[in-house]
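We will begin with the whole molecule and then pick out one piece at a time.

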Amino acid sequence: MSGAHNHHDARAAHAESMGQLTRGAAMASVATASVLMFIKGYAAWYTGSIAMLGSLADTGLDLVASLMTLFGVYLAAQPADETHRFGHGKAEALVALFQVAVIAASALAIGVRAVDRLMHHSATVDAELGIGASFIAVLMTGALVTYQRSVVKRTGSVAISTDHLHYQSDLLLNIAVIVALALEAYLDVRGADALFGIGIALWLLWGALRSSTEAIDQLMDREWPDEKRRRFVEIASEFPELKSLHDLRTRSSGSMDFVQFHIEVDGRMTIAEAHDITEAVEQRLAEAFPGTEILIHIDPEGQVDQPGNALVEEDLIAKLKEEEPK
């Protein structure tokens, strides 16, 4: 029993630690977007730049999305309760999809405004102010992206990952604004500002498409990547008492993972012996995959639940050995 308690305590501690990291990253993005909104708002109003206006619109929507991210990661970090036995991790995926919708709407609005600017040949004024504002934005966004990258690496948070992707887009967007304003103001390249605005809109749409994939995968309970599943089986196969491992099912929810599978053991074992082996396997896997809830079903050796169903009955330990170099 102590082993089960230890696993539960470790998962709870891991979840709390991950929650603190994701909340910190979300609050950092809210603060960054708030400061940049003020700076870019003044620059867009004063210069009349479409590229700067696009950058302002994107930052405004970033602020809304970051506030939603903050709410999402806070909710996702809440422990399991009577109505959500698997926790609230999928709140992150829902927030990520909201971010995708916001980014797509921003891109369409920027594209329409840029096309209108091209048609009416409006000019940009005081490019230096826009360039200065964008340079500040590059520095602030670069610092935020670096911080978010470290949080995503440690937590695997889909909400922070999506936030990170669109702030990466912001970084390129701000650089593009600097180039567009410089071309138009100093090299007299007419229409550069509006054309860069269209390019920014297309980049944002592409980013929205990419960002939606991971969120949808979590909501649809997509299996882990093959490499991660293989590593999981490799560790389990270190126990010679396991005669086979089959019906492995994996999924992710926020920064938490869930795994269930069947193992076959010698049918002459006592319940206590089989339990001890299962506890040892679970302990080893929990150490290698922290924050993972593991459910193991024990079968006597030779048990077949669904004859002919390779998806369920395929022995993954045997398959692993077959794939090893001779």
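Of the contacts between residues at least 6 apart in sequence, 75% link residues at least 24 apart; contact here means heavy atoms within 4.5 Å. This is a predicted model, where local features need pLDDT of at least 70 and side-chain atom pairs count only at pLDDT 80 or more, while totals for chains, interfaces and linings use all residues. Residues are numbered from 1 along each chain as its sequence is written, and side-chain values use heavy atoms, with hydrogens and water left out.

**The whole chain**

Colour by secondary structure. The protein has 10 helices and 3 strands, both taken as DSSP runs numbered from the N terminus (helices are H or I, at least four residues; strands are E, at least two). Trace them from the N terminus and you will read α-α-α-α-α-α-α-β-β-α-β-α-α.

Of the 326 residues, 45% are buried. Buried means under 20% relative accessible area, exposed means over 50%, and partly exposed lies in between (1.4 Å probe, protein chains only).

**Stop 1: S29**

Select S29, in helix 1 (residues 2-47). Is S29 buried or exposed? Its relative accessibility is 0%, so S29 counts as buried. Show its surroundings too: leaving out residues up to four places away in sequence, S29 touches S66, L144, Q148, D163 and Y167.

**Stop 2: A182**

Next, select A182 in helix 5 (residues 158-186). With 23% relative accessibility, A182 counts as partly exposed. Apart from neighbours within four places in sequence, A182 is in contact with I131 and L187. Try the distance tool on A182 and A192: these residues are 10 apart along the chain, and their C-alpha atoms are separated by 9.1 Å.

**Stop 3: T292**

Move on to T292 in strand 3 (residues 292-300). T292 counts as buried because its relative accessibility is 2%. Which distance separates the C-alpha atoms of T292 and S252? It is 8.9 Å, although T292 and S252 are 40 residues apart along the chain.

**Stop 4: two helix pairs**

Two packed helices are described by the angle between their axes and the distance between the axes.

Select helix 7 (residues 226-236) and helix 8 (residues 271-288): their axes come within 10 Å and cross at roughly 140°. Axes are lines fitted to C-alpha atoms, for helices over the stretch in contact, and angles run from 0 to 180 degrees between N-to-C directions. Helix 7 and helix 8 are therefore oblique to each other. Angles under 35 degrees count as roughly parallel, over 145 as roughly antiparallel, 65 to 115 as roughly perpendicular, and the rest as oblique. Show the side chains of R231, F232, I235 and A236 on helix 7, and of R284, L285 and A288 on helix 8, which make the contact. They divide into 5 nonpolar, no polar and 2 charged. Ala, Val, Leu, Ile, Met, Phe, Trp, Tyr, Cys and Pro count as nonpolar, Asp, Glu, Lys and Arg as charged, and the others, Gly among them, as polar.
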